[in-house]
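Here is a short briefing to read with the model open beside you. Take a look at the sequence and structure, then follow the points one by one.

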Amino acid sequence: MIDIKLLRENPSLFYDSCKARGFDTKVLDQFFQLDEKWRENLKAINQVKHEKNNLSLEVSTAVKEGRDPSQIKEKVRDLNTKLASIEGEQKEIEDSRTRIAKLIPNLLDKGAPHCLTEEEAVLVRTWGTAKVFQEDIESFKKAANGMEYEVLESRPTSHVDLVQDIGIVDLERAAKTSGARFYFMKNRLVKLEMALVNYALDFLSERGFELVEPPFMLNYKAMEGATDVETFKDTLYKIEGEDLYLISTAEHPLAAYFQDEILEESNLPVRLAGISPCFRKEAGSHGKDTKGIFRVHQFTKIEQFIYCRPEDSWDFFDELVKNSEDMFRSLELPYRVVNICSGDLGNLASRKFDIEAWFPSQGKFREVVSASNDTDYQSRSLNIRYRAKGGNRFVHTLNSTAVATTRALVAIMENNQLKDQTGFHVPKALIPYTGFETITK
RNA sequence: GCCGAGGUGGCCCAGCGGUACGGCGCCAGACUUGAGAUCUGGUUCCCUUGUGGAUCGGGAGUUCGAAUCUCUCCCUCGGCGCCA
(Lines give C-alpha, C1' and ligand atoms only; values in the text may rest on other atoms or scores of the structure.)
Protein backbone atom coordinates (compact mmCIF):
# COMPACT_ATOMS: atom_id res chain seq x y z
CA MET A 1 0.00 0.00 0.00
CA ILE A 2 1.06 3.55 -0.70
CA ASP A 3 1.72 6.18 1.97
CA ILE A 4 -1.60 8.00 2.40
CA LYS A 5 0.00 10.98 4.13
CA LEU A 6 2.42 11.41 1.25
CA LEU A 7 -0.47 11.14 -1.19
CA ARG A 8 -2.33 13.94 0.63
CA GLU A 9 0.74 16.13 0.84
CA ASN A 10 2.04 15.51 -2.66
CA PRO A 11 -0.69 14.37 -5.03
CA SER A 12 1.22 15.27 -8.20
CA LEU A 13 3.88 12.69 -7.34
CA PHE A 14 1.22 10.00 -7.59
CA TYR A 15 -0.60 11.44 -10.57
CA ASP A 16 2.68 11.44 -12.52
CA SER A 17 3.60 7.95 -11.40
CA CYS A 18 0.18 6.56 -12.29
CA LYS A 19 0.17 8.22 -15.70
CA ALA A 20 3.57 6.69 -16.53
CA ARG A 21 2.24 3.30 -15.53
CA GLY A 22 -0.81 3.67 -17.73
CA PHE A 23 -2.92 3.45 -14.57
CA ASP A 24 -6.25 5.28 -14.59
CA THR A 25 -5.91 8.37 -12.37
CA LYS A 26 -9.66 8.40 -11.76
CA VAL A 27 -8.85 6.15 -8.85
CA LEU A 28 -6.83 8.96 -7.30
CA ASP A 29 -9.72 11.39 -7.79
CA GLN A 30 -12.02 8.94 -6.07
CA PHE A 31 -9.59 8.56 -3.23
CA PHE A 32 -9.44 12.29 -2.57
CA GLN A 33 -13.20 12.60 -2.68
CA LEU A 34 -13.65 9.87 -0.08
CA ASP A 35 -10.75 11.05 2.03
CA GLU A 36 -12.21 14.54 2.32
CA LYS A 37 -15.52 13.14 3.50
CA TRP A 38 -13.73 10.81 5.85
CA ARG A 39 -11.80 13.62 7.51
CA GLU A 40 -14.90 15.75 7.93
CA ASN A 41 -16.72 12.86 9.54
CA LEU A 42 -13.80 12.06 11.79
CA LYS A 43 -13.92 15.57 13.17
CA ALA A 44 -17.62 15.21 13.97
CA ILE A 45 -17.10 11.81 15.56
CA ASN A 46 -14.26 13.01 17.74
CA GLN A 47 -16.35 15.94 18.95
CA VAL A 48 -19.24 13.73 19.98
CA LYS A 49 -16.90 11.28 21.66
CA HIS A 50 -15.23 14.08 23.55
CA GLU A 51 -18.58 15.25 24.82
CA LYS A 52 -19.52 11.72 25.74
CA ASN A 53 -16.32 11.11 27.67
CA ASN A 54 -16.88 14.29 29.66
CA LEU A 55 -20.45 13.31 30.51
CA SER A 56 -19.35 9.85 31.60
CA LEU A 57 -16.93 11.46 34.00
CA GLU A 58 -19.77 13.60 35.30
CA VAL A 59 -21.74 10.45 36.04
CA SER A 60 -18.80 9.15 37.98
CA THR A 61 -18.49 12.30 40.12
CA ALA A 62 -22.26 12.55 40.57
CA VAL A 63 -22.35 9.01 41.93
CA LYS A 64 -19.47 9.74 44.29
CA GLU A 65 -21.22 12.85 45.57
CA GLY A 66 -24.53 11.05 45.99
CA ARG A 67 -26.41 12.96 43.27
CA ASP A 68 -28.79 11.36 40.77
CA PRO A 69 -26.96 10.71 37.47
CA SER A 70 -29.98 9.57 35.44
CA GLN A 71 -30.34 12.83 33.52
CA ILE A 72 -26.73 12.76 32.40
CA LYS A 73 -27.08 9.12 31.46
CA GLU A 74 -30.02 10.03 29.27
CA LYS A 75 -27.90 12.63 27.47
CA VAL A 76 -25.16 10.09 26.79
CA ARG A 77 -27.72 7.65 25.40
CA ASP A 78 -28.80 10.34 22.93
CA LEU A 79 -25.18 10.92 21.96
CA ASN A 80 -24.73 7.18 21.43
CA THR A 81 -27.59 7.09 18.96
CA LYS A 82 -26.08 10.01 17.09
CA LEU A 83 -22.64 8.38 17.16
CA ALA A 84 -23.90 5.08 15.83
CA SER A 85 -25.28 6.73 12.74
CA ILE A 86 -22.20 8.80 11.94
CA GLU A 87 -19.90 5.91 12.68
CA GLY A 88 -21.90 3.60 10.45
CA GLU A 89 -21.51 6.06 7.62
CA GLN A 90 -17.84 6.53 8.42
CA LYS A 91 -17.18 2.80 8.27
CA GLU A 92 -18.64 2.63 4.79
CA ILE A 93 -16.56 5.58 3.65
CA GLU A 94 -13.46 4.12 5.21
CA ASP A 95 -14.00 0.71 3.63
CA SER A 96 -14.37 2.24 0.17
CA ARG A 97 -11.40 4.48 0.74
CA THR A 98 -9.23 1.58 1.86
CA ARG A 99 -10.37 -0.57 -1.04
CA ILE A 100 -9.44 2.20 -3.44
CA ALA A 101 -6.16 3.09 -1.72
CA LYS A 102 -5.04 -0.51 -2.09
CA LEU A 103 -5.45 -0.24 -5.85
CA ILE A 104 -3.00 2.63 -6.13
CA PRO A 105 0.36 1.35 -7.38
CA ASN A 106 3.74 2.02 -5.81
CA LEU A 107 5.60 5.17 -6.80
CA LEU A 108 7.65 4.55 -9.88
CA ASP A 109 11.43 4.68 -9.59
CA LYS A 110 13.34 7.15 -11.74
CA GLY A 111 15.21 4.27 -13.36
CA ALA A 112 12.10 2.56 -14.72
CA PRO A 113 11.61 3.23 -18.44
CA HIS A 114 8.36 4.92 -19.45
CA CYS A 115 6.68 2.46 -21.78
CA LEU A 116 3.71 0.16 -21.56
CA THR A 117 4.17 -3.34 -22.93
CA GLU A 118 6.26 -6.39 -22.26
CA GLU A 119 7.87 -6.08 -25.71
CA GLU A 120 9.15 -2.56 -25.10
CA ALA A 121 11.29 -3.54 -22.09
CA VAL A 122 14.72 -1.93 -22.32
CA LEU A 123 17.75 -4.13 -22.91
CA VAL A 124 20.28 -3.73 -20.09
CA ARG A 125 22.94 -6.30 -20.98
CA THR A 126 23.49 -9.76 -22.38
CA TRP A 127 25.68 -12.68 -21.41
CA GLY A 128 26.88 -15.80 -23.15
CA THR A 129 26.81 -17.17 -26.65
CA ALA A 130 23.36 -18.05 -27.90
CA LYS A 131 22.70 -20.97 -30.23
CA VAL A 132 20.43 -19.48 -32.87
CA PHE A 133 18.64 -21.30 -35.67
CA GLN A 134 19.03 -19.48 -39.00
CA GLU A 135 15.42 -18.37 -39.27
CA ASP A 136 15.60 -16.75 -35.84
CA ILE A 137 18.74 -14.68 -36.42
CA GLU A 138 16.95 -11.50 -37.34
CA SER A 139 14.60 -11.47 -34.37
CA PHE A 140 17.46 -12.56 -32.12
CA LYS A 141 19.57 -9.58 -33.16
CA LYS A 142 16.65 -7.27 -32.49
CA ALA A 143 16.18 -8.71 -29.01
CA ALA A 144 19.84 -8.81 -28.01
CA ASN A 145 21.81 -6.21 -29.86
CA GLY A 146 25.52 -7.12 -29.87
CA MET A 147 25.16 -10.50 -28.18
CA GLU A 148 27.41 -13.27 -29.45
CA TYR A 149 25.79 -16.22 -31.16
CA GLU A 150 26.51 -19.33 -33.16
CA VAL A 151 24.28 -20.50 -35.96
CA LEU A 152 22.40 -23.79 -35.73
CA GLU A 153 21.66 -25.67 -38.90
CA SER A 154 18.59 -27.33 -37.51
CA ARG A 155 16.13 -26.30 -34.87
CA PRO A 156 16.63 -28.22 -31.61
CA THR A 157 13.78 -30.51 -30.60
CA SER A 158 11.28 -28.73 -28.38
CA HIS A 159 11.39 -29.78 -24.76
CA VAL A 160 7.81 -30.98 -25.11
CA ASP A 161 8.81 -33.68 -27.56
CA LEU A 162 12.15 -34.37 -25.94
CA VAL A 163 10.82 -35.11 -22.45
CA GLN A 164 8.20 -37.45 -23.87
CA ASP A 165 10.73 -39.20 -26.14
CA ILE A 166 13.04 -39.79 -23.21
CA GLY A 167 10.18 -40.60 -20.86
CA ILE A 168 11.05 -38.14 -18.10
CA VAL A 169 7.74 -36.28 -18.05
CA ASP A 170 4.25 -37.78 -18.36
CA LEU A 171 1.84 -35.08 -19.43
CA GLU A 172 -1.04 -37.25 -20.61
CA ARG A 173 -1.53 -39.01 -17.33
CA ALA A 174 -1.19 -35.70 -15.49
CA ALA A 175 -3.98 -34.34 -17.67
CA LYS A 176 -6.08 -37.34 -16.69
CA THR A 177 -5.53 -36.98 -12.95
CA SER A 178 -5.26 -33.23 -12.60
CA GLY A 179 -5.87 -31.42 -15.86
CA ALA A 180 -3.89 -29.34 -18.29
CA ARG A 181 -0.63 -27.71 -17.17
CA PHE A 182 0.25 -30.49 -14.72
CA TYR A 183 3.01 -33.04 -15.01
CA PHE A 184 4.41 -36.21 -13.58
CA MET A 185 8.16 -35.69 -13.57
CA LYS A 186 10.18 -38.89 -13.63
CA ASN A 187 13.53 -40.60 -13.18
CA ARG A 188 16.66 -38.63 -14.07
CA LEU A 189 14.73 -35.38 -14.51
CA VAL A 190 13.60 -35.67 -10.89
CA LYS A 191 17.23 -36.11 -9.87
CA LEU A 192 18.23 -33.16 -12.00
CA GLU A 193 15.56 -31.00 -10.43
CA MET A 194 16.73 -31.92 -6.95
CA ALA A 195 20.30 -31.21 -8.05
CA LEU A 196 19.25 -27.79 -9.22
CA VAL A 197 17.46 -27.12 -5.94
CA ASN A 198 20.39 -28.23 -3.81
CA TYR A 199 22.83 -26.35 -5.97
CA ALA A 200 20.80 -23.15 -5.69
CA LEU A 201 20.46 -23.51 -1.93
CA ASP A 202 24.22 -23.99 -1.51
CA PHE A 203 24.81 -21.09 -3.87
CA LEU A 204 22.68 -18.67 -1.83
CA SER A 205 23.76 -20.05 1.50
CA GLU A 206 27.35 -19.19 0.57
CA ARG A 207 26.20 -15.67 -0.23
CA GLY A 208 24.80 -15.03 3.22
CA PHE A 209 21.18 -16.10 2.79
CA GLU A 210 19.27 -17.98 5.49
CA LEU A 211 17.50 -20.98 4.01
CA VAL A 212 13.77 -21.06 4.63
CA GLU A 213 11.10 -23.57 3.75
CA PRO A 214 7.95 -21.53 4.42
CA PRO A 215 4.31 -22.55 4.85
CA PHE A 216 2.87 -23.38 1.44
CA MET A 217 -0.42 -21.78 2.42
CA LEU A 218 -1.14 -18.32 3.82
CA ASN A 219 -4.23 -16.83 5.40
CA TYR A 220 -5.98 -13.89 3.79
CA LYS A 221 -4.41 -11.22 5.96
CA ALA A 222 -0.85 -12.32 5.26
CA MET A 223 -1.51 -12.89 1.58
CA GLU A 224 -3.26 -9.58 1.17
CA GLY A 225 -0.37 -7.80 2.83
CA ALA A 226 2.20 -9.50 0.66
CA THR A 227 0.51 -9.10 -2.70
CA ASP A 228 -2.09 -7.25 -4.75
CA VAL A 229 -5.57 -7.68 -6.19
CA GLU A 230 -4.35 -8.88 -9.57
CA THR A 231 -2.45 -11.75 -8.01
CA PHE A 232 -5.49 -12.78 -6.01
CA LYS A 233 -7.67 -12.72 -9.05
CA ASP A 234 -5.48 -14.42 -11.60
CA THR A 235 -3.05 -16.65 -9.79
CA LEU A 236 -4.13 -17.85 -6.36
CA TYR A 237 -5.79 -21.14 -5.46
CA LYS A 238 -8.08 -20.96 -2.44
CA ILE A 239 -8.61 -23.83 -0.02
CA GLU A 240 -12.32 -24.45 0.21
CA GLY A 241 -13.90 -23.77 3.57
CA GLU A 242 -10.69 -22.46 5.12
CA ASP A 243 -9.03 -19.10 5.36
CA LEU A 244 -6.04 -20.35 3.37
CA TYR A 245 -4.51 -19.76 -0.04
CA LEU A 246 -1.81 -21.81 -1.77
CA ILE A 247 1.26 -19.68 -2.28
CA SER A 248 2.20 -18.70 -5.81
CA THR A 249 5.79 -17.95 -4.75
CA ALA A 250 7.88 -18.15 -1.59
CA GLU A 251 8.12 -14.36 -1.81
CA HIS A 252 4.75 -14.03 -0.09
CA PRO A 253 5.39 -16.09 3.04
CA LEU A 254 8.88 -14.60 3.26
CA ALA A 255 7.41 -11.11 3.05
CA ALA A 256 4.76 -11.87 5.67
CA TYR A 257 7.34 -13.55 7.92
CA PHE A 258 7.90 -10.35 9.92
CA GLN A 259 4.30 -9.09 9.69
CA ASP A 260 3.48 -6.54 12.43
CA GLU A 261 7.03 -6.63 13.76
CA ILE A 262 9.62 -3.98 14.46
CA LEU A 263 13.12 -5.09 13.51
CA GLU A 264 16.37 -3.89 15.01
CA GLU A 265 18.39 -1.77 12.63
CA SER A 266 21.51 -3.74 13.56
CA ASN A 267 19.84 -6.92 12.25
CA LEU A 268 19.36 -5.44 8.76
CA PRO A 269 19.70 -6.48 6.06
CA VAL A 270 17.90 -9.80 6.44
CA ARG A 271 18.62 -12.12 3.52
CA LEU A 272 16.25 -15.06 3.10
CA ALA A 273 16.31 -17.80 0.50
CA GLY A 274 12.93 -19.48 0.24
CA ILE A 275 12.38 -22.91 -1.27
CA SER A 276 8.81 -23.86 -2.09
CA PRO A 277 6.41 -25.17 -4.65
CA CYS A 278 4.51 -22.39 -6.43
CA PHE A 279 0.85 -22.85 -7.29
CA ARG A 280 -0.56 -20.68 -10.04
CA LYS A 281 -3.91 -20.67 -11.77
CA GLU A 282 -2.46 -19.05 -14.90
CA ALA A 283 -5.83 -17.46 -15.58
CA GLY A 284 -5.71 -15.27 -18.65
CA SER A 285 -2.86 -17.20 -20.24
CA HIS A 286 -5.01 -19.56 -22.28
CA GLY A 287 -3.32 -20.51 -25.50
CA LYS A 288 0.16 -19.52 -24.27
CA ASP A 289 2.74 -22.26 -23.79
CA THR A 290 0.01 -24.85 -23.55
CA LYS A 291 2.28 -27.84 -23.88
CA GLY A 292 5.14 -29.15 -21.81
CA ILE A 293 6.39 -27.86 -18.50
CA PHE A 294 7.25 -24.29 -19.44
CA ARG A 295 4.07 -22.79 -17.97
CA VAL A 296 2.48 -25.01 -15.35
CA HIS A 297 0.16 -24.80 -12.35
CA GLN A 298 2.84 -26.07 -9.98
CA PHE A 299 6.59 -25.76 -9.95
CA THR A 300 9.44 -25.47 -7.47
CA LYS A 301 11.25 -22.20 -7.02
CA ILE A 302 14.11 -20.86 -4.95
CA GLU A 303 13.49 -17.23 -4.20
CA GLN A 304 15.74 -14.51 -2.79
CA PHE A 305 14.19 -12.02 -0.40
CA ILE A 306 15.77 -9.04 1.36
CA TYR A 307 14.59 -6.70 4.11
CA CYS A 308 16.75 -3.58 4.40
CA ARG A 309 16.95 0.12 5.25
CA PRO A 310 15.42 2.40 2.61
CA GLU A 311 18.73 4.06 1.81
CA ASP A 312 20.31 0.70 0.98
CA SER A 313 17.64 -0.88 -1.17
CA TRP A 314 19.05 -0.04 -4.60
CA ASP A 315 22.41 -1.57 -3.65
CA PHE A 316 20.57 -4.73 -2.66
CA PHE A 317 18.57 -4.66 -5.85
CA ASP A 318 21.87 -4.83 -7.74
CA GLU A 319 23.01 -7.62 -5.44
CA LEU A 320 19.90 -9.69 -6.14
CA VAL A 321 20.20 -9.25 -9.89
CA LYS A 322 23.89 -10.14 -9.71
CA ASN A 323 23.18 -13.30 -7.72
CA SER A 324 20.57 -14.40 -10.23
CA GLU A 325 22.84 -13.62 -13.16
CA ASP A 326 25.74 -15.48 -11.56
CA MET A 327 23.40 -18.40 -11.05
CA PHE A 328 22.56 -18.58 -14.76
CA ARG A 329 26.17 -17.94 -15.77
CA SER A 330 27.28 -20.84 -13.62
CA LEU A 331 24.66 -23.00 -15.34
CA GLU A 332 26.07 -21.78 -18.67
CA LEU A 333 22.70 -20.54 -19.89
CA PRO A 334 22.89 -17.48 -22.17
CA TYR A 335 20.54 -14.66 -21.25
CA ARG A 336 19.67 -11.02 -21.55
CA VAL A 337 18.65 -8.63 -18.75
CA VAL A 338 15.78 -6.22 -19.39
CA ASN A 339 14.47 -3.22 -17.51
CA ILE A 340 10.70 -3.69 -17.36
CA CYS A 341 8.35 -0.99 -18.64
CA SER A 342 6.56 1.28 -16.17
CA GLY A 343 3.30 -0.04 -17.59
CA ASP A 344 4.27 -3.68 -17.03
CA LEU A 345 5.53 -3.56 -13.44
CA GLY A 346 2.54 -4.66 -11.44
CA ASN A 347 1.39 -2.67 -8.43
CA LEU A 348 4.19 -3.42 -5.99
CA ALA A 349 7.43 -2.87 -7.84
CA SER A 350 8.98 0.54 -8.24
CA ARG A 351 11.41 -1.01 -10.71
CA LYS A 352 11.88 -4.52 -12.06
CA PHE A 353 14.59 -6.33 -13.97
CA ASP A 354 13.88 -9.62 -15.69
CA ILE A 355 16.46 -12.11 -16.76
CA GLU A 356 15.39 -13.85 -19.94
CA ALA A 357 17.23 -16.98 -20.97
CA TRP A 358 17.64 -17.86 -24.63
CA PHE A 359 15.52 -20.83 -25.69
CA PRO A 360 16.94 -22.12 -29.01
CA SER A 361 13.95 -24.29 -29.87
CA GLN A 362 11.47 -21.51 -29.29
CA GLY A 363 13.85 -19.01 -30.88
CA LYS A 364 13.06 -16.53 -28.13
CA PHE A 365 14.23 -15.02 -24.91
CA ARG A 366 11.86 -16.04 -22.15
CA GLU A 367 11.61 -14.91 -18.56
CA VAL A 368 13.41 -17.08 -16.04
CA VAL A 369 14.03 -14.50 -13.29
CA SER A 370 12.15 -11.46 -12.06
CA ALA A 371 13.81 -9.07 -9.60
CA SER A 372 11.83 -6.27 -7.94
CA ASN A 373 12.38 -3.50 -5.46
CA ASP A 374 9.02 -3.01 -3.76
CA THR A 375 10.48 -0.16 -1.63
CA ASP A 376 8.12 0.40 1.34
CA TYR A 377 4.94 -0.62 -0.48
CA GLN A 378 4.84 -4.22 0.71
CA SER A 379 6.22 -3.47 4.17
CA ARG A 380 3.56 -0.82 4.74
CA SER A 381 0.78 -3.29 3.93
CA LEU A 382 2.39 -5.87 6.19
CA ASN A 383 3.34 -3.31 8.85
CA ILE A 384 7.02 -4.22 9.02
CA ARG A 385 9.21 -1.49 10.47
CA TYR A 386 12.63 -1.09 11.99
CA ARG A 387 13.75 0.96 14.96
CA ALA A 388 15.59 3.98 13.62
CA LYS A 389 16.81 7.14 15.29
CA GLY A 390 13.96 9.62 15.26
CA GLY A 391 11.23 6.97 15.05
CA ASN A 392 10.27 3.69 13.47
CA ARG A 393 10.41 3.48 9.69
CA PHE A 394 9.12 0.98 7.19
CA VAL A 395 11.78 -1.33 5.82
CA HIS A 396 12.26 -1.82 2.10
CA THR A 397 11.61 -5.27 0.67
CA LEU A 398 13.12 -6.79 -2.45
CA ASN A 399 12.71 -10.12 -4.14
CA SER A 400 14.22 -12.02 -7.00
CA THR A 401 14.02 -15.48 -8.40
CA ALA A 402 17.18 -17.50 -7.93
CA VAL A 403 15.89 -20.34 -10.02
CA ALA A 404 12.49 -21.72 -10.96
CA THR A 405 13.07 -25.38 -11.66
CA THR A 406 10.75 -26.11 -14.58
CA ARG A 407 11.84 -23.16 -16.69
CA ALA A 408 15.51 -23.68 -15.88
CA LEU A 409 15.14 -27.35 -16.79
CA VAL A 410 13.58 -26.44 -20.12
CA ALA A 411 16.41 -23.96 -20.74
CA ILE A 412 18.95 -26.67 -19.99
CA MET A 413 17.21 -29.14 -22.30
CA GLU A 414 17.12 -26.69 -25.18
CA ASN A 415 20.58 -25.19 -24.78
CA ASN A 416 22.43 -28.39 -23.92
CA GLN A 417 20.82 -30.65 -26.47
CA LEU A 418 22.94 -33.44 -27.94
CA LYS A 419 23.69 -33.16 -31.64
CA ASP A 420 21.60 -36.26 -32.46
CA GLN A 421 18.73 -34.75 -30.48
CA THR A 422 18.30 -37.87 -28.33
CA GLY A 423 18.87 -36.06 -25.07
CA PHE A 424 20.88 -33.35 -23.34
CA HIS A 425 23.84 -32.95 -21.06
CA VAL A 426 23.81 -31.75 -17.48
CA PRO A 427 25.52 -28.39 -16.78
CA LYS A 428 28.98 -28.92 -15.26
CA ALA A 429 28.00 -27.16 -12.06
CA LEU A 430 25.25 -29.68 -11.42
CA ILE A 431 27.15 -32.91 -12.12
CA PRO A 432 28.46 -33.17 -8.53
CA TYR A 433 24.82 -33.04 -7.46
CA THR A 434 23.35 -35.46 -10.02
CA GLY A 435 26.12 -38.02 -10.29
CA PHE A 436 25.44 -38.33 -14.04
CA GLU A 437 26.37 -36.21 -17.04
CA THR A 438 23.59 -36.72 -19.57
CA ILE A 439 19.95 -37.56 -19.82
CA THR A 440 19.03 -39.62 -22.86
CA LYS A 441 16.59 -42.27 -23.99
C1' G B 1 -10.74 -32.78 18.38
C1' C B 2 -11.30 -32.45 24.08
C1' C B 3 -9.77 -30.24 28.96
C1' G B 4 -6.90 -26.52 31.53
C1' A B 5 -3.86 -21.90 31.73
C1' G B 6 -2.83 -17.60 29.12
C1' G B 7 -2.58 -13.18 25.14
C1' U B 8 -1.72 -5.61 28.32
C1' G B 9 2.71 -0.19 24.40
C1' G B 10 9.79 -2.47 21.70
C1' C B 11 10.30 -6.29 26.01
C1' C B 12 8.69 -7.87 31.14
C1' C B 13 4.70 -7.15 34.35
C1' A B 14 0.36 -4.89 37.56
C1' G B 15 -4.72 -3.70 37.15
C1' C B 16 -9.96 -7.70 36.96
C1' G B 17 -16.43 -2.07 35.99
C1' G B 18 -14.62 4.76 36.94
C1' U B 19 -10.86 5.99 31.91
C1' A B 20 -3.59 1.69 31.51
C1' C B 21 0.72 1.00 37.48
C1' G B 22 5.65 -0.11 37.67
C1' G B 23 10.31 -1.95 35.69
C1' C B 24 13.76 -2.77 31.54
C1' G B 25 15.29 -1.04 26.84
C1' C B 26 15.55 3.11 23.53
C1' C B 27 15.68 8.70 22.28
C1' A B 28 16.58 13.83 23.83
C1' G B 29 18.28 17.34 27.42
C1' A B 30 21.12 18.44 32.09
C1' C B 31 25.74 17.10 34.64
C1' U B 32 30.83 15.25 32.55
C1' U B 33 37.10 16.36 28.88
C1' G B 34 34.50 11.76 27.10
C1' A B 35 31.94 7.38 28.66
C1' G B 36 29.29 5.51 32.79
C1' A B 37 26.27 6.63 36.94
C1' U B 38 22.44 10.09 38.23
C1' C B 39 18.39 13.53 37.28
C1' U B 40 14.44 15.50 33.92
C1' G B 41 11.37 14.83 29.78
C1' G B 42 9.91 11.66 25.87
C1' U B 43 9.15 6.78 23.83
C1' U B 44 1.63 3.15 19.66
C1' C B 45 -1.86 5.05 15.91
C1' C B 46 -5.44 8.93 13.74
C1' C B 47 -7.08 13.99 12.48
C1' U B 48 -8.19 20.36 11.02
C1' U B 49 -2.34 19.29 16.97
C1' G B 50 -6.55 19.71 21.23
C1' U B 51 -8.22 20.60 28.58
C1' G B 52 -8.87 16.18 20.88
C1' G B 53 -9.89 10.98 19.47
C1' A B 54 -8.58 5.75 19.29
C1' U B 55 -5.75 1.55 21.39
C1' C B 56 -5.16 -3.85 26.63
C1' G B 57 -5.14 -10.81 20.61
C1' G B 58 -9.67 -9.87 16.55
C1' G B 59 -14.97 -9.08 16.33
C1' A B 60 -19.82 -8.51 18.64
C1' G B 61 -22.76 -7.47 23.09
C1' U B 62 -24.23 -5.52 28.25
C1' U B 63 -23.33 -0.45 30.57
C1' C B 64 -23.54 6.53 31.35
C1' G B 65 -18.65 4.22 31.32
C1' A B 66 -15.27 -2.26 29.54
C1' A B 67 -8.27 -4.16 29.90
C1' U B 68 -11.94 -5.69 33.68
C1' C B 69 -18.56 -8.74 32.65
C1' U B 70 -20.99 -11.94 28.45
C1' C B 71 -20.72 -14.33 23.56
C1' U B 72 -17.71 -15.66 19.45
C1' C B 73 -13.34 -16.38 16.64
C1' C B 74 -7.87 -16.53 16.41
C1' C B 75 -3.23 -17.62 18.52
C1' U B 76 0.43 -19.44 22.46
C1' C B 77 1.67 -22.93 26.43
C1' G B 78 0.53 -27.60 29.19
C1' G B 79 -2.25 -32.33 29.40
C1' C B 80 -5.31 -36.11 26.76
C1' G B 81 -6.77 -38.18 22.02
C1' C B 82 -5.63 -38.91 16.79
C1' C B 83 -1.75 -39.20 13.21
C1' A B 84 2.72 -39.15 8.30
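Thr126 counts as buried because 22 C-beta neighbours lie inside 10 Å of it. Here, a residue is buried if 20 or more other C-beta atoms lie within 10 Å of its own, exposed if 12 or fewer, and partly exposed in between, with C-beta atoms placed from the backbone. This is a predicted model, in which local features need pLDDT of at least 70 and side-chain atom pairs count only at pLDDT 80 or more, while totals for chains, interfaces and linings use all residues. Residues are numbered from 1 along each chain as its sequence is written, and chains are lettered from A and ligands numbered from 1 in the order in which they are written.

**Around Thr126**
- You will find Thr126 in strand E1 (residues 122-127); helices (H or I, at least four residues) and strands (E, at least two) are DSSP runs, numbered from the N terminus.
- Leaving aside residues up to four places away in sequence, Thr126 touches Ala144, Gly146, Met147 and Arg336; a contact means that the C-beta atoms of two residues, placed from the backbone, lie within 7 Å.
- Pro334 is 208 residues from Thr126 in sequence, yet their C-alpha atoms are 7.8 Å apart in space.

**The whole of chain A**
- Chain A has 15 helices and 19 strands.
- Its C-alpha atoms fill a box of roughly 100 × 45 × 45 Å along the principal axes.
- Of its 441 residues, 39% count as buried.
- Among contacts in chain A with a separation of 6 or more, 70% are between residues 24 or more positions apart.

**Helix H6**
- Which residues of helix H6 (residues 159-166) are buried? They are His159, Leu162 and Val163.
- These residues sit on the same side of H6 because they cover an arc of only 95 degrees around the axis, the arc being that of the directions from the helix axis to the C-beta atoms.
- An α-helix has 3.6 residues a turn, so residues three or four places apart point the same way.
- Strand E4 (169-170) and helix H14 (405-415) are what the buried residues of H6 pack against.
- After H6 comes Gly167, with a positive phi near 85 degrees.

**The surface near RNA strand B**
- RNA strand B is surrounded by 23 residues, and the closest are Lys43, Ser56, Val59, Lys73 and Val76; near means that a residue's C-beta atom, placed from the backbone, lies within 6 Å.
- Helix H1 (4-9), helix H3 (26-64) and helix H4 (70-101) are the elements that give two or more residues to this surface.
- H3 provides the largest share, 14 residues.
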